[in-house]
Amino acid sequence: MKCARCGAEVTNKIIKINGVIYCENCVKELGYDRFLKNPEELLGAAFSPLDEIASSFAKMAELDFGNSALTCPKCGMSLREFENKGIVGCIECYNTFGDYVTKEMFRQQGADEYAGRAPGQSLIAEDSLIGEDDSAEEKKDTSKADAKVDEEKKEKAEDKAADPAGDEKKLEKLSKADIGMLTDEELTEGIKLATKLENYQLAIRFRDELKGRKDGE
Amino acid sequence: MSMWYEKYGKEQDVVLSTKAFIVRNIKGYNFPDKMSDSDFDSLEDKIDEAVDKTVTGNIWSANALGSGDSTDSSLLTPESQLFGINMGILRHPEHKRIYYNDDAGLSVVVGSGEHLTIRAMSAGYDPSVYSKAESIAVNLERKLDMAYSDRYGFLTSNLKLTGTGFKMLYTVAIPAISKSNGALTTLRQRVGQYYWDIYPFAEQGELGNSGVYIITNVSTMGVSEDEIIKRGEKLLSDIIQFERALREKVATKNKVQTSDMYGRAYGLLRYASIINRKEAIDALSWLRVFKEYDDLGEVNISWEKINKLTQDVCWEFIPTIKRNSTDAAAIRAAKIKTILKGDD
């Protein structure tokens, strides 16, 4: 679990404010350490003076933009820069800004699952490829790539063959159901199936729902 | 040798051009926005080794920019039209390089937004441009280690391209749709149903109501290359039919007026000594609407020429050195006259 503000791993205590997860340090920096206190202490405290309420609003505003500290270790792009420009700086940015990238992609394209071809694979007949010469080295490279592609295809085919019949149907049924009505067992099964069938978006949805229920208990 | 956009194309009364763009990035380098000069140099060398010069053997470097922008010949499009790049807004021009074939219909652009942009362009309606672009892309993918993940597909700096990195663009001249009440709204809805987008060649200015539109796929995620091509084919078939039906309606219902506008339009293009872009594009629209209904055949102009002129006017190179607008209009008129003379 990572802090949404600084990106650090949250190890001790998970603090959720308005649905966003923070680490203890960030909560202290933002002046929300009262969330760390025991409920008994809060009950015993006097009402907050007005200026404290006003400063709370200011801090709330900061919460919206509090992720500027999250920075890609490879290219140095900050989350705020990514949000402003709408582009990423390097491959590592996809890991660093993971959920943000997925959300932005979904917002812009209406989908975040890849459905295209793999590198080196072709939709057209091999003999009509432009620029394929007969040099031995290139042929070697090509055959390597072909072998890789064939291997991938084989793996995928094996995976599919290993799938119990109806997995896709089961997952489709779960994905169409009202997520709030699914049992914990169904959600767990949904996570497994979605992961197996590489529908990670759905797996995340099931996982978050299940987690939300456990947090609420 | 004639350039790609001067050639015959299918359905050329409506479709000016078909373009397939495939973008790719290479592992081990930041994306262009975060690249250092030395990274650029290294990347350029790597790409230079991998590009098949037997296919795209000509090299254009952006360092040549500005070499002729004060001469008459530069007014009607040199590189901008050939490569579909607005040369005036290039960032880091020193790092741009284009490998292209003899008619410039195939090109590999280095450092324009992403590391590599592979382009295949053809006059008229020609979905087969995809296979030409893909062929070059596959060849490069086998030689270079591309930025790719199983989850997101081909990784790009611009998240609108992540996935297949493939955009299909059709440039269409649809004056009848754009001038008919409600027709454009209907078309937009149709385009949206295919999850594609339509936008005018220019939102405002002299070409604001040019009747020239670009139609392109929105998604590069959640949809395969095959599906993008199929959707485009269906969509274009609808658009061509729709535009032709409206042209017929306009030309037959108001034949005298439309015929009059047609003759005047040709006269303006053929004999004007000064012509601005709006006048030129409006005149070309009238030629387009009525050409198939010109029973008398008094105006002799081919679709190839109408399309060449339309693209010349649309992609006109705007020099960085400010030119007197009357001079520009005179140079434009002279160019158009010269092109039309051949049909007399």
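Modeller: Start with chain B. Take its contacts between residues at least 6 apart in sequence: 75% of them join residues at least 24 apart. Two residues are in contact if their C-beta atoms, placed from the backbone, lie within 7 Å. This is a predicted model, where local features need pLDDT of at least 70, side-chain atom pairs count only at pLDDT 80 or more, and totals for chains, interfaces and linings use all residues. Residues are numbered from 1 along each chain as its sequence is written, while chains are lettered from A and ligands numbered from 1 in the order in which they are written.

Chain B has 344 residues, and 47% of them count as buried. Buried means 20 or more other C-beta atoms within 10 Å of a residue's own; exposed means 12 or fewer, and partly exposed lies in between. The secondary structure of chain B comes to ten helices and ten strands. Helices (H or I, at least four residues) and strands (E, at least two) are DSSP runs, numbered from the N terminus.

Now the core. A nonpolar core is a set of buried Ala, Val, Leu, Ile, Met, Phe, Trp, Tyr and Cys residues joined through C-beta atoms within 7 Å. The largest one has 62 residues. Among those with the most contacts inside it are A:V88, A:C93, B:I22 and B:A133. Helix α3 of chain B (residues 129-143) gives the most to this core, seven residues. Another core lies apart from it, with 43 residues, including B:V14 and B:L269.

Zoom in on B:I22. Not counting residues up to four places away in sequence, B:I22 touches B:I118, B:A133, B:E134, B:A137, B:G165 and B:F166.
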